Amino acid sequence: MQTLKLQRLKQALDARAEQHLLRTPQTLQQYNGRVVTVADNDYLNFCGNDYLGLATAPQVLQAYADGALKYGAGSTGSPLVTGQHDVHQQLSEQLCEWLGAERILLFSSGFAANHAMLTTLCDKHDTLLLDKLSHASLIDGALHSSALFKRFAHNDYAGLSTLLQRHAGAMVVTEGVFSMDGDSPDLNTVSNLCQKNGAMLLLDDAHGLGVFGTEGRGTAAEQGVRRAEVFCTMANFGKALGVGGAFVAGSKTVIDYLEQFGRHYVYSTALSPALCAAVIASIHLCRADNWRRDKLHCNISLFRRLASDLPLLASSSAIQGLVLGSSEKALALSQKLKTAGIWLSAIRPPTVPKGSARLRITLSAQHEEADIKLLVQTLRQSL
Ligand SMILES: Cc1ncc(COP(=O)(O)O)c(C=O)c1O
């Protein structure tokens with residue numbers, strides 16, 4: 001029996017390799033945001049999510065170290081048993097104050113938070129309507145919930161409107177910034193459609209928090225959508241905030257319910273208190289250091305201007321997609337960039353739809369003008 005099972009696993013791995021879809025983690029020797037060191041070579045890094053350079057900010061590192069000395073390395077239990085410390089409470093309160101949320105709940109990752117949000121809040125009486133390009137954690141959450149699950153074409157408001165006419169009172173799920181394309185929906189249009197049809201809007205703002213809005217409050221704030229129009233929002237601490245973990249924000253009732261029934265929260269070790277201390281420091285810098293956001297947006301504009309002749313997807317976020325089509329092409333370009341000292345991994349199916357393998361270029365406040373010029377020049381020469 002075991003031999004047969006292992007054979008089937010091996011066949012699946014071989015098939016992935018034949019299709020150029022096998023992924024191998026690369027080990028970084030050193031990371032400073034702008035530059036990564038791999039096998040003793042330095043590369044300009046254009047493929048992280050550390051958009052504001054907070055992962056290596058001295059104040060964040062100090063808070064992490066101090067937190068570990070004060071609280072220990074881990075939380076040692078689930079939040080409802082022994083795992084909650086005062087620093088978890090402080091982080092929750094600061095998030096509420098920053099984002100104007102009634103309540104928030106902390107999760108160990110964005111994947112867990114999204115999965116909990118959909119599987120816990122949606123039951124057999126609900127219909128979930130998801131954008132076609134939703135993150136895997138949202139798709140899995142929808143599949144594993146007992147709600148009826150439908151998808152609409154990416155940012156297709158007419159398609160969403162038709163679905164909402166058939167499924168009034170549905171729960172509509174979209175992202176502030178789509179993780180592989182870097183574009184954003186018109187959240188006012190989505191919110192209006194929801195209100196017209198008695199539907200609820202659930203938002204994943206993993207790549208919008210910190211990057212958009214006053215003090216980095218996120219995509220809904222940037223677009224002038226009021227918090228009350230959003231049923232709940234998931235965002236994480238591992239992207240622009242540079243640390244790890246996530247939260248769901250919503251009304252008291254929504255979060256009280258998640259706290260009682262969200263299995264990913266109840267039956268999982270709480271975030272490490274030291275990590276919470278680091279996130280608090282990171283939020284402080286994110287809010288106070290407007291120069292980080294300004295520099296990031298300058299870098300995005302510079303890149304778009306210099307690369308205007310390249311086949312880029314439309315995006316004003318830190319994520320810039322260069323679609324190449326086949327996985328072989330994406331891998332070959334990634335390899336050429338590596339030879340030129342640029343770290344930019346190829347993104348292939350099933351992360352992106354078949355035939356749309358790409359380079360997902362990410363910009364950061366840490367990049368210098370010369371870095372972006374070199375990237376564009378190398379892309380142009382290699383394409
Ligand atoms: C849009 C989106 N949602 C959720 C997640 C999951 O977040 P985490 O990496 O914290 O598990 C990611 C990260 O890959 C993401 O890009």
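How much of the chain is helix and how much is strand over residues 42-378? In this predicted model, that stretch comes out at 44% helix and 17% strand, and its end C-alpha atoms sit 16 Å apart. The range itself is taken from UniProt, where an unreviewed entry lists residues 42-378 as "domain: Aminotransferase class I/classII large".

Domain 1 is made of two pieces, 25-52 and 290-382, while domain 2 runs over 58-288. Taken over C-alpha atoms, the centres of domain 1 and domain 2 are 26 Å apart. As for how they meet, 22 residues of domain 1 touch 22 residues of domain 2. Together the two domains bury about 1600 Å², and carbon and sulfur atoms account for 56% of that area. On the domain 1 side, Tyr51, Arg293 and Ile319 put in 28% of the area buried against domain 2, more than any other three residues.

Polar links also cross this interface. Eleven residue pairs are in polar contact between domain 1 and domain 2, and one salt bridge spans the boundary. Helix 13 has the largest share, with five residues. Sorted by class, that side of domain 1 has nine nonpolar residues, eight polar ones and five charged ones.

Now for salt bridges in general. Side chains of opposite charge can pair up when their charged atoms come close. The structure as a whole holds 14 salt bridges. In one of them, the side chain of Arg358 meets that of Asp181, with 2.6 Å from N to O. Another pairs the side chains of Arg287 and Glu97, at 2.9 Å from N to O. Arg287 belongs to helix 12 (residues 273-288) and Glu97 to helix 4 (residues 86-99), so this pair ties together parts that lie 190 residues apart in sequence.

Two spots in the backbone are worth a look. Most peptide bonds are trans, and most residues other than glycine have a negative phi. Pro349 and Pro350, however, are joined by a cis peptide bond, with omega at about 5°. Pro350 falls in the loop between strand 13 (346-347) and strand 14. The other spot is Asp40, where phi is near 70°, a positive value in a residue that is not glycine. Asp40 is also found in a loop, in this case the one between strand 2 (35-38) and strand 3 (41-45).

Note on methods
Residues numbered from 1 in each chain as written. Predicted model: local features only at pLDDT ≥ 70, side-chain atom pairs only at ≥ 80, totals over all residues. Heavy atoms only, no water. Domains from an automatic or database assignment. Contact = heavy atoms within 4.5 Å. Buried area = accessible area lost by both parts, 1.4 Å probe. Salt bridge = Lys/Arg side-chain N within 4 Å of Asp/Glu carboxyl O. Polar contact = N/O pair within 3.5 Å; in protein donor to acceptor, adjacent residues only side chain to side chain. Helix = DSSP H or I, 4+ residues; strand = E, 2+ residues; numbered from the N terminus. Nonpolar A, V, L, I, M, F, W, Y, C, P; charged D, E, K, R; others polar. UniProt positions renumbered as here; feature names shortened; annotations may be inferred.
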